Amino acid sequence: FIVMNIINPTEVKTFQANVALENMSSLTEQGYMVSNLEEIEKYSVSVKVEATRPALDELSESENRNNIRARIDLSKIEINENDEFPKRYSLVVTPSLPSNLYIYNYDISSYYPTVCEVEIDRAASKTVPAEIRTYGTPASGYTAAEPVSNIKEAVVTGPQHKIFSASKVVATVHVTGEKQDINESCTLKVYDEDDTALEGFIVDPGSINVSVEIRKNHTVEIEEPRTVGNLPDYLELLSVEW
């Protein structure tokens with residue numbers, strides 16, 4: 001055991017963990033939502049992991065490294081309805097390693113920061129128009145007609161102090177390289193009046209069925225223009241350019 005410990009000693013390596021919010025339903029069921037999701041998505045936690053070098057090499061592989069999480073349990077929030085919202089709560093961050101790492105032993109020696117600020121607000125809803133947009137260009141010789149859907153509006157739910165900014169929902173259909181008609185379900189995303197995408201909103205319905213007719217272009221010959229009618233006696237037609 002002593003010899004193996006000398007040959008293959010443990011080392012410490014620092015990894016960056018993305019924040020993962022858990023038990024979101026515990027808030028929505030009470031009529032509340034997280035209102036600083038964009039801020040939390042940029043939040044990063046430094047996690048120091050102690051293990052042997054082969055173990056750290058495996059954890060450093062992209063598929064494993066990208067699955068290191070800093071979890072925040074939203075069910076730990078105790079909400080007082082009489083409080084003024086939006087309100088910030090300091091919640092404990094719990095780092096975790098990918099569950100598929102079972103060959104080696106790992107020890108999280110430390111991590112920082114240990115808490116994260118989560119802003120909570122009452123949920124509010126409004127009905128907004130639904131737009132459909134096409135992205136890309138069909139195959140050469142084809143043209144995409146206007147997209148069609150039977151859904152004209154949707155209900156958007158979000159933090160009360162941000163719901164005013166939601167002005168529409170947009171479904172995007174990709175037509176790049178297409179030669180056949182398109183019929184697919186497209187996710188609806190929330191946008192403000194300046195056409196900026198907004199995060200942290202719930203859309204009902206979350207997706208709509210969209211159809212786009214892809215038409216084949218045809219080339220036709222244009223004949224020389226013909227003149228119709230007569231000019232006054234004092235004018236003479238000299239030429240027609242086309």
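R71 lies in strand β4; strands (E, at least two residues) and helices (H or I, at least four) are DSSP runs, numbered from the N terminus. The model is predicted: local features need pLDDT of at least 70, side-chain atom pairs count only at pLDDT 80 or more, and totals for chains, interfaces and linings use all residues. Residues are numbered from 1 along each chain as its sequence is written, and side-chain values use heavy atoms, with hydrogens and water left out.

R71 is partly exposed because its relative accessibility is 31%, where buried means under 20% relative accessible area, exposed over 50% and partly exposed in between (1.4 Å probe, protein chains only). Leaving aside neighbours within four places in sequence, R71 is in contact (heavy atoms within 4.5 Å) with A20, E22, V92, V93, T94 and S96. The C-alpha atoms of R71 and T94 are 5.0 Å apart, although 23 residues separate the two along the chain.

## The aromatic pair

The structure holds one aromatic pair. Its members are Y32 and F85, with 5.1 Å centre to centre and 45° between the planes, a tilted arrangement. Rings of Phe, Tyr and Trp (its six-membered ring) pair if their centres lie within 6.5 Å; planes under 30 degrees apart count as stacked, over 60 as edge-to-face and the rest as tilted.

Y32 belongs to strand β2 (residues 32-34) and F85 to the loop between β4 (69-73) and β5 (87-92), so the pair links distant parts of the chain, 53 residues apart. Y32 is buried, at 4% relative accessible area, and F85 also counts as buried, at 13%.
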